[in-house]
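Have a look at the fold, then read on.

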Amino acid sequence: MIAALAFFGLGGAWALLLVRRLIPALPFATSLGTAGVLLLVASCWLPFALARLLGMQASIPAAFTVLGLLFAVEAVAWQRSPSRRRRTVRLIRPALARAAAGPSLGVLGLGAFHAWGHWLHCLHPRDGSLWSAGAGWEDQSFHAALATSFAHGDNLGRLSYPHLPEWPLGYPFLPDFQAGWLHVAGTPLPQAFWLGNVLASGVFLLSAAALLGGWLRSRVAGLVALLVWHLAGGFGLAALAILGPESPSWASALLARDYANDWELGLHFHNLTTAIVWPMRVAFFGLAAAVALTLLLRRLVLGTRRRLAGFALAGAAAGGLPLVSAHALVILSCTVIPIALLHQPWRRRAGWIAATLIGAAAALPQVAWTRVQLAQSEPPFLRW
């Protein structure tokens, strides 16, 4: 676990320093969200690229070396810029003051709730095996099979599904590679999954709270909206009235079943927390990344100073998403176009062009590779 924490900690420090150097005018919460999405993408891509190049074992010290060098470059740049340090201190002090306020404590409470839920739905050792707990939709066993196939080093050449080796791997898989790589680095597989999920939750909650607070012009209203999002499920909470009297307590009734997707009772309300946040690792990585990038782009279009570097950074991060979570590109297509059209895109045409070109240069080869992979499976795992 220490290696995994060091990997995420070093990567997070590098990402935050990079964001503060490229876009110094960003609010601190937006800087943290942007650094979070960079860390999500980099922590998936860097181990995979190095493992394909050097092998699984050699990629571990290589990844730490690369991150260490990147951090050193940013640390030296930080040390040589007193104005950056003073500007960041001016941002951090009010941010720390707000952290003790009710909305921030509410977001921290949701973070603890996410960590508990991820652990509930994670892998657990039992009778010499690993079992997935909670309403896992069998997704956890699928992710675990991919992660262990990477960890054992038998899925680095011709990428394929361990369940069906004749089917080339086409679905986004890098979050599962991340877990397998952390497992090889010395982290037990359950904790490797859990730490990656908690990181995604932190990026999502911080970015969503800042985004909603900005849209609604109230941090309290943003927190209320975030709470509603977590409970949403087509009135699925009312189903607990059926289970509650038959259970020792309301808490045990809530834990015993996914209250929004209970097949025995015929309830399919699709609560977002129990149906996506906890069991669907790849979709949730994408959701966290998309919300953080939406927050960044909103700040860029509202700012008076047009920072080309900010748009380039957003395009690069978005371009790295297809093999992390293709869902994220669908989400971004629903948010980026309205944001651009509602905020005088012609005034920021250089930024939008840069973001589009950089994002396309990174994303289109991944999309083309996925299409080739899918064409080799009959029937394909997912339809184009």
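## Overall picture

A contact here means heavy atoms within 4.5 Å. Of the contacts in the protein with a separation of 6 or more, 69% come from residues 24 or more positions apart. Bear in mind that this is a predicted model, where local features need pLDDT of at least 70, side-chain atom pairs count only at pLDDT 80 or more, and totals for chains, interfaces and linings use all residues. Residues are numbered from 1 along each chain as its sequence is written, and side-chain values use heavy atoms, with hydrogens and water left out.

The protein has 16 helices and 4 strands, taken as DSSP runs (helices H or I, at least four residues; strands E, at least two) and numbered from the N terminus.

Out of 384 residues, 47% are buried. Buried means under 20% relative accessible area, exposed over 50%, and partly exposed in between (1.4 Å probe, protein chains only).

## Aromatic rings

The whole structure holds 17 aromatic pairs. Rings of Phe, Tyr and Trp (its six-membered ring) pair if their centres lie within 6.5 Å; planes under 30 degrees apart are stacked, over 60 edge-to-face, and the rest tilted. Trp45 and Phe48 make an edge-to-face pair, because their ring centres are 6.1 Å apart and their planes sit at 70°.

These two are 3 residues apart in helix H2 (residues 28-54), so about one helical turn separates them. Trp45 is partly exposed at 24% relative accessibility, while Phe48 is buried at 7%.
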